[in-house]
Amino acid sequence: MKEGLGFVMGVNLIIWCGIAFYLFVLDRRVKRLEASAEDQGKD
Amino acid sequence: MIYKTLLAIWMAVIIVASFLFTEAATGFPGETSRILFFHVPQAWVATLSFLISMIGSAVYLAKRTVKADYVALSAAELGFLFCVLATVTGSIFAKVTWGSFWNWDPRETSIVILLMIYGAYFALRSAVSDPERSRVFAGVYSILAFVTVPFLVFVVPRITTSLHPENTMNPANPGMDPKTLKVFLGSLLAYTALYVWMLRLRIRILRLEGLRVRDLFRESDNK
């Protein structure tokens, strides 16, 4: 592997992990809010 | 959840494969040709997103269902985001290859016009205070805006001379290395799946915001 390529790949992977983590957290929060909105609708 | 976990792993595999599995294309300085695996899928997703926004707008205008407007707005937002990403990655490539971040190349110029057209879409939405009228205006504008997309993305760069590498890195080119083609197609799939996830998430958020606004109106009516 050429010099510097591993570093760029690592940066890309870190950015992707950050994006994926953010999306997973956001997904969970939205799911929770949807559940509470549904409960409010039932009340 | 399984689909999202698989996507997270798949995208990581694509990133690793784009650096380790493939060889840099000849005729480009250093490793710059590897931008193909990120820049082209971003541009593809932006185009797809603008198409979905147009379809959502048409459905809204025909049926007046708020969900169709949520789809149109979410798709326009994500299309804009991916268009900006494609512009930034393209600029980095341009700096290394052509010596300047911006060269007013037909492709660069047409993508800026596209960004301005969709920037005006958001300005229009926020300028009209009545939500119903805002949706109708935005729906009509979105359909008109999409008419320019094929022209700006596919026609303009092909009828003028451009610095943009068209033949060497075009996947339709039979000269493309099979390994590169595999990773490229994998990247297209990963970006499309990521886009679907983000679009669905944004639509759900808009729906929740809509419910919240409705509740606030109810509360103020009761008072």
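This is a predicted model: local features need pLDDT of at least 70, side-chain atom pairs count only at pLDDT 80 or more; totals for chains, interfaces and linings use all residues.
Residues are numbered from 1 along each chain as its sequence is written, while chains are lettered from A and ligands numbered from 1 in the order in which they are written. Local features need pLDDT of at least 70 and side-chain atom pairs pLDDT 80 or more, whereas totals for chains, interfaces and linings use all residues.

**Exercise 1.** Describe chain A.

*Solution.* Start with its secondary structure: one helix and zero strands, where helices (H or I, at least four residues) and strands (E, at least two) are DSSP runs numbered from the N terminus. Next, its C-alpha atoms fill a box of roughly 60 × 10 × 5 Å along the principal axes. Finally, 0% of its 43 residues count as buried (20 or more other C-beta atoms, placed from the backbone, within 10 Å of a residue's own).

**Exercise 2.** Find how many residues each chain gives to the contact between A and B.

*Solution.* Chain A supplies 17 residues and chain B 15, counting pairs with backbone-placed C-beta atoms within 7 Å. Then sort the chain A side: 13 nonpolar, one polar and three charged. Here Ala, Val, Leu, Ile, Met, Phe, Trp, Tyr, Cys and Pro are nonpolar, Asp, Glu, Lys and Arg charged, and the others, Gly among them, polar.

**Exercise 3.** Follow H2(B) and its contact with H5(B).

*Solution.* First, H2 of chain B covers residues 36-63 and H5 of chain B residues 131-159. Now look at the partners: B:Phe50 and B:Leu51 are among those in H2(B), and B:Val140 and B:Ile143 among those in H5(B). This contact divides into twelve nonpolar, five polar and one charged residue. Just past H2(B), B:Arg64 has a positive phi of about 60°.

Note on methods
Two residues are in contact if their C-beta atoms, placed from the backbone, lie within 7 Å. Axes are lines fitted to C-alpha atoms, for helices over the stretch in contact, and angles run from 0 to 180 degrees between N-to-C directions. A residue is buried if 20 or more other C-beta atoms lie within 10 Å of its own, exposed if 12 or fewer, and partly exposed in between; C-beta atoms are placed from the backbone.
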